[in-house]
Amino acid sequence: MKNRIKYVFFFSFAVLILSALIALMSGSYAMTIGEVVNTLFGNGSKAQNVVIFDLRLPRICVAIFVGIALSTAGCILQGVTKNPLAEPGMIGINAGAALAVVMLISSRSTAYYNAISMSTIYLMPLVSFLGAFLVSLLIYFLSYKKGVKPTRLILVGIGVNSGVNAIITLYQLNMSKGDYNQAMTWISGSLWGSSWVYFKIVAPVVILLFAIVYYKSKTLDVLALGDELATGLGISVAKETRVFLVLAVALSAIATSVAGNIAFLGLLGPHIGKRLVGPKHRRLIPIAALISSCLILIADTASRNLFTPLEIPVGITLSVIGVPYFIYLMMKEK
Amino acid sequence: MKQPTEKQDIKIKDLKVCYDHTVVIPSMNLSIPKDKITMIIGSNGCGKSTLLKSIARILKPSQGEILINGTEIKKQAPKELAKKMAVLPQSPTVPTGLLVKELVAYGRFPYQSPLGGLKAHDLEVIDWAMESTGIMDLKDRFVDSLSGGQRQRAWIAMALAQETEILVLDEPTTYLDMSHQLEILQLLQKLNQENKTTIVIVLHELNNAAKFADHIIGMKDGKLVFEGAPKDVITAENLRVLYEIEAVLQISENGEYPICTDFELLK
């Protein structure tokens, strides 16, 4: 078992490096692996430097952290709700963040994404968190009836999710065409235009939150045994559940603030991870994060290159993988 | 396993427990003897599980106090209390993909630091818990692949790994066949005799309760109807009140406990 886990870790890490390399190589300006390595070591031409350091590398780094954030949020939600289908994209948390950011972008009336002013970019994570937090509060209170029952939380979340998406659509209908397209791309989840600025916002927050969740991974294990046993083992279930929900909300919000509403990533990573290393969160959380990062990288590379010069939002590509998997899970559940 | 320094006992004072607006236990005073097996019996909905859940601090009482070793449970740190009292609920969630030894290791949670691994003593206790419940051979199996009886023993092993002086179990033998019921109860009896563990059980099978309990508590409508040694309290009269049945009782061959051989509903 111990060796198997090491093997799984090593293998996923290798896949991650490989997907990152492929992502660095492919695009409208194709590069060979030799050129990529050369450029990384500082021997690239001017054009190569721009492509690697200004465009592809920041995008890859942002993608990896978005993967980590959404996967960890998924692990938390599945553990706390004891529902294997729980995922930040499904119960409205991402949608709440998306709505807030769409409102922010449109209130600043920028026509194009990269024309968004610096102050807006720095505001986005905050606004996104606020949106995610408010929607989570709404879900929490709507599902509160002498404590929060996991099933009710999920059902209310799905309802709120459609409601919030409807409001987003309503909002979009009032936008100019340019804004509409930008908002649409963003809502579907896209890494287009990711820069080092985004990375600087995402990385520290995700690292911090990930570390907290990892530190509390044993509590998450015990919570998954059910409220009564967890209480018997010395956990204040209501309090810990709240803490974990806040962590999940923060993680989804920060991911959404830079990558839009990406669904299924928080479902796929944890599930594949669970099959590989079992349900103990100390192993599951890191491996799920690695897998989600691989998935978003591969999906993003595909989104950039499959229909060049058009780029499809990575969220759509992930949904193409995610929806069949989700249906498979639903059918497997009793 | 552990040499107890001070014995833990459970005292309940003026306890009132409500579900929403329904009063389940209006006012209860009770003392559960230490080092003994106490069984709580009563018909469905009499409040026995509610009482157990209140002791296990799963339910918050509206009024009154529950004292363990003289200190109110809500004044004790949850993890500290978890080192004194282990709780096994009626139908715990069965985790998928978890090995038996990993499940039993969860019993060490109250003793562990967040990032620390299992220490030599932890492993010793886990082995002891699996040994005494007879699941050593199953330790590398998945919990969800076990049969009902095996699973129940795995849960009990987890509770044992908590190294507590009090063990609280809610209907641990429900859904098990006769021989497995006996097996579980004998296991608990052995634990009680060897380690002086105070055991509190909610049980439905009257004859098993009478056979294995040192102390029986009969409850009806959230109130205490009787309490005492099985021989003294399992009487036709008491059962008439408790279950509204007319029971035919006889004493066991060794003369230690009563057996209900037949019963009719009261007309």
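**Exercise 1.** Which residue takes a positive phi in the hairpin of strand 1 of chain B and strand 2 of chain B?

*Solution.* The model is predicted; local features need pLDDT of at least 70, side-chain atom pairs count only at pLDDT 80 or more, and totals for chains, interfaces and linings use all residues. Residues are numbered from 1 along each chain as its sequence is written, and chains are lettered from A and ligands numbered from 1 in the order in which they are written.

Step 1. Find the strands (DSSP runs of E, at least two residues; helices are runs of H or I, at least four; both are numbered from the N terminus). Strand 1 covers residues 10-19 of chain B and strand 2 residues 22-32 of chain B; they pair in the antiparallel sense over seven bridges. Pairing requires at least two bridges found by DSSP.

Step 2. Go to the turn. Two residues lie between the strands, and Asp20(B) has the positive phi, near 50 degrees. Cys18(B) has Val23(B) in strand 2 of chain B as its bridge partner.

**Exercise 2.** How are helix 3 of chain A and helix 8 of chain A oriented to each other?

*Solution.* Step 1. Take the axes (lines fitted to C-alpha atoms over the stretch in contact, with angles from 0 to 180 degrees between N-to-C directions). Those of helix 3 (residues 46-81) of chain A and helix 8 (residues 196-215) of chain A come within 9 Å and cross at roughly 30 degrees.

Step 2. Classify the angle: under 35 degrees counts as roughly parallel, over 145 as roughly antiparallel, 65 to 115 as roughly perpendicular and the rest as oblique. Helix 3 of chain A and helix 8 of chain A are therefore roughly parallel.
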